[in-house]
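Good morning, and thank you for coming. Please look at the structure on the screen while I take you through a few of its features.

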Amino acid sequence: MKRILSLVLVLALIATLGITSAFAADDGFVDGKFTETRHITVEIFNRNNDGGTDPTDNVWTTWIKEKMLEKYNVEVEFVSVGRWSEADDIPNLLATGEAPDVSYTYNIGAINTYAAMDGVIDLKDLLDEYKDYLGDLIALVLGEENLYYDQDPTTGAVYCIEGSKPNVARITTFIRADWLTKLNLAVPTTEEEFYNCLVAFRDNAETLLGADADKMIPYTTSTDIGWRNDLLSISYVADDISDETLFVYGYDDRHTTYPGYKEGIRVLNKWYNEGLVWKDFALYTDSTVEDDNMKAGYVGAFQHNWDYPYRNGDDCINANLARNVGPDAKFIAVDCFQNDAGITRKFLGSPVGSDRKIFLPATNDEPLASLLYVNFISSEEAYTFLQTGLEGVNYTMTDDGAYELLAATGEWVKNSGNNIDYTMTLNGILLGDATEMLSYPGIPADEVALAKEYGMNNGRFAKHYSVGTIEAENEVGSSLTTKRDELLTKAVTASVEDFDAVWDEHYADYMAIGGEAIVDERIEKLEAFYGIKYEK
């Protein structure tokens, strides 16, 4: 309520000062450049990295500022927003009228909430008028139509621009190759074979870990059960699930409400009760302890981001394993969770529409300059430099002309992987497949390629239905996510006998606090805009 009241006051001030988010042509914009210097503020995530740099003032921001002045005569000032608190920070900044002129968030609900109160600029007329100056952005998001990806089908309003995610691989399963060899086990290709490997790890702890046998963790996970066990869970979703069902129940990328999903969690519950899953996973809210377990050599298998064992250069999981255990110790990718059609299905996010959303708050009095910034940061010149950096420090060139990325330190360190916090419209390397494989120093390129292949193998993209804002999604904020994680954690750690009762109780609570309302509204809008009658 405080946020809403604050925004009302801010909007009243805007009206008093005569500021408006309505579109008007900018007479000071001539031949693609402003005749007088304009000033904009731009959001940048602050990850509070040890050994990192000030995200608002470093070699990367200096380069961007110089280029924007040269190209458009626009002065850029960066404003930091907490990466891990942005779901709350962005609504607070909008409510107080302090959101940067160019803002981005994963929390589209916040954008929709404040757009409904005229707290966010409708970009439709700006995009129509100036699209000829947005060619780099259009190319990056795969076509002019994707500028209007989130256009409201009733009002025509466009309140945000979707970023691009060229690498759509999400999650891959990893298993210890050296443990398979030591126990004479084949690389698993089915759930049953994977389970048998976990049992063998548990039952041969002394052989594998010696004096550290009590530290054996056949399979590890975190409290983000939905992400970290997705391939197991969705293998219990029928392969013939319809596009309409994926839309109705697909508001959460953890897929918790998909029909059949519960049975995958039942399997994980069984594993937990058999001592195959890290017993202490629910005690930790960050990844430090779990990662340390992997690096020390105590873990046999896990599911995670498709490149997780290779991240962070010399401090990556596989590099640590080689140092701590031996040169043969490493995690390799496997693909073994088949659905009812015998397919290792992956539900993948669209290359557009599954990442950050860029928006301009109503307090922005330089909307054109802001859009030109978004276009510049989407240019090949910008994302190539920001992703690669300085030759000899951030990368070297191979004999065949590809970039080999290095883990830099000092002023040239990147505070985020591939500098994605600066390439706000691009999440993922866009320098070619060979370059992507070379971006993990010391890791064989074929291992990276296989992990990526398995992360996308048998991928399916849910159909995009343009139905405008789902108001029910704006009502719940982060509370539904918190309840989902609680549901999954409690279900996994319940006794086998109590699993159904625990699941049913917490799932009912989850649906009652917002899930059911979202499903119902999505069903209503499917019929309203597409004439599709859907029965739950």
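Let me begin with a term: two residues are in contact when heavy atoms of theirs lie within 4.5 Å. Please also keep in mind that this is a predicted model.

With that term in hand, consider two helices, H13, residues 261–273, and H21, residues 479–493. Which residues of H13 meet H21? They are Tyr261, Ile265, Leu268, Asn269, Tyr272 and Asn273, and on the side of H21 they meet Leu488, Ala491, Val492 and Thr493.

For H13 and H21, the angle is about 45° and the axes are 7 Å apart.

I turn now to a sheet. It is open and has 3 strands in the order S8-S7-S9, paired antiparallel. Strand S8, residues 301–305, and strand S9, residues 331–334, are the edge strands, each pairing on one side only. On average, neighbouring strands here are turned by 40° against each other, direction ignored. Strand S7, residues 171–176, is joined to S8 by 5 bridges; in one of the pairings, Thr172 has His304 of S8 as its bridge partner. Helix H8, residues 191–203, packs on this sheet and touches S7 and S8, its direction making about 40° with that of S7.

My last topic is the aromatic rings. How many aromatic pairs does a search of the whole structure find? The search finds 31. One of them is the edge-to-face pair of Trp60 and Trp412, with 5.3 Å from centre to centre and 90° between the planes. Trp60 belongs to helix H2, whereas Trp412 sits in the loop between strand S13 and helix H18, so the pair ties together parts that are 352 residues apart in sequence. Both Trp60 and Trp412 are buried.

Trp306 and Tyr440 also form an edge-to-face pair, at 6.3 Å and 80°. Trp306 lies in the loop between S8 and helix H15, and Tyr440 in the loop between H18 and helix H19, 134 residues apart. These two residues, Trp306 and Tyr440, are buried as well. Finally, ring pairs link Trp306 and Tyr440 with Phe174, Phe302, Tyr310 and Phe331 into a cluster.

Note on methods. Residues are numbered from 1 along each chain as its sequence is written. This is a predicted model: local features need pLDDT of at least 70, side-chain atom pairs count only at pLDDT 80 or more; totals for chains, interfaces and linings use all residues. Side-chain values use heavy atoms; hydrogens and water are left out. Two strands pair if DSSP finds at least two bridges between them. Helices (H or I, at least four residues) and strands (E, at least two) are DSSP runs, numbered from the N terminus. Axes are lines fitted to C-alpha atoms, for helices over the stretch in contact, and angles run from 0 to 180 degrees between N-to-C directions. Rings of Phe, Tyr and Trp (its six-membered ring) pair if their centres lie within 6.5 Å; planes under 30 degrees apart count as stacked, over 60 as edge-to-face and the rest as tilted. Buried means under 20% relative accessible area, exposed over 50%, partly exposed in between (1.4 Å probe, protein chains only).
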